[in-house]
Amino acid sequence: MTDADNQLCALYVDAGTTNTRVWLAEDEQVLSRVTAQVGVRDTARDGSPHKLRFALRDLIADARAHAGAVRLCAPSHVIAAGMISSPLGLAKVTHIAAPAGRAELAAGVAAHQFPDITELPFLLVPGVRCGPLRTEASNIGEVDLMRGEETLCLGLSDGGLLGANATLLNLGSHWKTIKLDEAGRIASSVTRLSGEMIHAVQEHTILASAVTRERPVALSEEWLAAGMREQRRRIKARLSACVCWSRRRTAPDDRLSYLIGAFVASALDSLVAAETFTPNSPSSSRAEQASPPPGLMP
């Protein structure tokens with residue numbers, strides 16, 4: 001807290017699968033923001049969290065330096081959410097069970113020290129587990145986990161952008177559909193690996209040379225709709241063949257839009273069939289804004 005006006009000054013971290021973001025803020029005013037394309041995917045690939053730890057050290061130092069040019073603000077803590085609290089992050093924090101709101105999340109926060117990153121204490125926000133606590137073959141489809149989206153839901157709710165009984169669709173490396181209950185708590189969620197699958201198609205399949213590997217500035221509505229129609233008629237393997245055969249007469253961005261349309265149709269149809277989306281349910285959508293993997297929805 002600052003001596004002058006008793007305002008909260010802290011660093012905030014969102015560490016995900018592919019990106020890590022750090023903000024330095026005084027109460028609700030963001031003084032600096034930095035990001036790096038480093039996440040727990042690097043830990044999984046390298047078998048070590050060293051890359052994530054080094055990135056966090058540098059990002060925190062940069063955020064403090066940049067903020068100093070705007071206003072003197074001495075942070076008291078680092079408050080972190082996302083995959084940073086998973087076994088692939090800095091320290092595992094046990095998920096709390098849904099329904100989960102502000103009180104439940106606050107009760108599950110874990111304090112840690114990571115002196116190789118910063119001298120400041122870390123407060124790690126727990127993720128949320130939806131579905132039965134005991135996992136068996138018969139109910140595993142009802143279980144879903146999140147780390148990071150819980151803070152997004154509460155922030156949107158506090159800002160008046162997400163009300164009680166609403167549904168949030170969050171598009172990033174993972175596509176998550178999250179439902180709130182009448183009290184504005186997280187009640188349930190459904191996760192798809194669609195973002196990572198699109199990235200894998202772009203990088204590691206025969207389509208790598210047929211579609212752009214960069215994130216498109218905009219998706220073609222015409223080609224997106226065409227991909228959705230074809231997915232509903234056939235299967236993705238057929239779509240892949242269509243993308244290859246259309247190389248000479250279409251642009252790489254259009255082919256990527258077509259492919260993404262298939263993933264959108266598949267995800268949307270399954271959510272409607274499961275009544276996750278209903279005609280009278282208020283909803284909101286969000287796409288990752290800070291350099292997600294190529295191919296994710298903008």
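Strands β5, β8 and β9 form an open sheet of 3 strands, in the order β5-β8-β9 and with mixed pairing, where strands are DSSP runs of E with at least two residues, numbered from the N terminus, and two strands pair if DSSP finds at least two bridges between them. The edges of this sheet are β5 (96-97) and β9 (144-146), each of which pairs on one side only. Strand β8 (residues 128-130) runs antiparallel to β9, with 3 bridges in that pairing, and C130 is placed opposite D144 in β9. This is a predicted model, in which local features need pLDDT of at least 70 and side-chain atom pairs count only at pLDDT 80 or more, while totals for chains, interfaces and linings use all residues. Residues are numbered from 1 along each chain as its sequence is written, and side-chain values use heavy atoms, with hydrogens and water left out.

A further open sheet has 6 strands in the order β3-β2-β1-β4-β7-β6, again with mixed pairing. Its edge strands, β3 (29-36) and β6 (110-112), have a single partner strand each, so one side of each is left without a neighbour in the sheet. From one strand to the next the twist averages 20°, taking axes as lines fitted to C-alpha atoms and angles from 0 to 180 degrees between N-to-C directions, with helix axes fitted over the stretch in contact. Strand β2 (residues 20-26) pairs with β3 in the antiparallel sense over 7 bridges, and E26 stands opposite Q29 in β3. Against this sheet packs helix α2 (residues 50-68), which touches β1 (9-15), β2, β3, β4 (78-82) and β7 (122-124) and whose direction makes about 145° with that of β3; contact here means heavy atoms within 4.5 Å, and a helix is a DSSP run of H or I with at least four residues.

The structure holds 1 disulfide, defined as a pair of cysteine sulfur atoms within 2.5 Å, and this bond joins C9 to C73 with an S to S distance of 1.6 Å. C9 lies in strand β1 and C73 in the loop between α2 and β4, 64 residues apart, so that the pair links distant parts of the chain. The torsion about the S-S bond of C9 and C73 is about 120°, so the disulfide is right-handed. C9 is buried at a relative accessible area of 0%, and C73 also counts as buried, at 11%, where buried means under 20% relative accessible area with a 1.4 Å probe and protein chains only.

The sulfur of C130 has its closest cysteine sulfur in C153, 9.5 Å away, which is too far for a bond. C130 is buried at 2% relative accessible area, and C153 counts as buried at 1%.

Methods:
Buried < 20%, exposed > 50% of the residue type's maximum accessible area, 1.4 Å probe, protein only.
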